[in-house]
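Subject: Structure for you to look at

Dear colleague,

Please find the structure below, with the sequence alongside. After it I have written out what was found, and I would be glad if you read the two side by side.

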Amino acid sequence: MIEITSWLRIDEDELVEKAARASGPGGQHVNKTSTAIELRFDVTNSPSLTDDIKARLTALGGSRMTQEGVLVLFAQGHRSQELNRQDARERLVELIRRATEKPKPRRPTKPTYSSKLKRLETKSKRSGVKTMRGRVHHDD
């Protein structure tokens, strides 16, 4: 079991890990070994998560989410497979932890009386400036 918060745990059977070859420089080592880890977590079918957490996690996942609702994390920053596995799991835990936080509801506010007056005063000044740009009429 992977502990996300004190009240939320995910079973390790829900995770699918696959080793792959890492990209980038590294010479012979990177060409011979599969040190990168691709971690898949099925968000939509997870029994551990509530519906609102699933919705927020899907939004946080962004381009890492597939059409089927699977979150895919790819870790290749380290030279060892075990460190990449830990990195991918830590990133998953952090994403889920962020999804458990409920967003603070926005309270709409009204503009103050003085800000309304200031806006109208600025508009009238600007109007006066633009009026002065009109054609000049000579009264001879």
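Asn-84 sits in helix H3, which covers residues 81-100; helices (H or I, at least four residues) and strands (E, at least two) are DSSP runs, numbered from the N terminus. This is a predicted model, in which local features need pLDDT of at least 70 and side-chain atom pairs count only at pLDDT 80 or more, whereas totals for chains, interfaces and linings use all residues. Residues are numbered from 1 along each chain as its sequence is written, and side-chain values use heavy atoms, with hydrogens and water left out.

Asn-84 counts as buried because its relative accessibility is 0%, where buried means under 20% relative accessible area, exposed over 50%, and partly exposed in between (1.4 Å probe, protein chains only). If residues up to four places away in sequence are not counted, Asn-84 touches Thr-35, Ala-36, Ile-37, Ala-75, Gln-76, Gly-77 and His-78, a contact being heavy atoms within 4.5 Å.

Helix H3 itself has 20 residues and reaches 29 Å from its first C-alpha to its last, close to the 28 Å expected at 1.5 Å a residue; the expected span is 1.5 Å times one less than the number of residues. Besides Asn-84, the buried residues of H3 are Ala-88, Leu-92, Val-93, Leu-95, Ile-96, Ala-99 and Thr-100. The buried residues of H3 pack against several elements, including strand E4 (36-42), helix H2 (51-61) and strand E5 (70-75).

Turning to the strands, three of them form an open sheet in the order E3-E4-E5, with antiparallel pairing, and two strands are said to pair if DSSP finds at least two bridges between them. The edge strands are E3 and E5, each of which pairs on one side only. The twist averages 20° from one strand to the next, and H3 packs on the sheet, touching E3, E4 and E5, with its direction making about 140° with that of E5; axes are lines fitted to C-alpha atoms, for helices over the stretch in contact, and angles run from 0 to 180 degrees between N-to-C directions.

Strand E4 pairs with E3 over six bridges and with E5 over six bridges. Leu-15 has Phe-41 of E4 as its bridge partner, while Ile-37 is bridged to Ala-75 in E5 and Glu-38 to Phe-74 in E5. E4 is mostly covered, five of its seven residues being buried.

The largest nonpolar core has 21 residues, and those with the most contacts inside it are Phe-41, Leu-49, Leu-57, Leu-92 and Ile-96; such a core is a set of buried Ala, Val, Leu, Ile, Met, Phe, Trp, Tyr and Cys residues joined through side-chain atoms within 4.5 Å. H3 gives the most to this core, with six residues. Leaving aside neighbours within four places in sequence, Phe-41 is in contact with residues that include Leu-49, Leu-57, Leu-92 and Ile-96.

Finally, Asp-42 also lies in strand E4, but is partly exposed, with a relative accessible area of 26%. The side chain of Asp-42 makes polar contacts with the side chains of Thr-44 (3.2 Å) and Asn-45 (2.8 Å); a polar contact is a pair of N or O atoms within 3.5 Å, of which, within protein, one must be able to donate a hydrogen and the other to accept it, and residues adjacent in sequence count only if both atoms are side-chain atoms.

With best wishes
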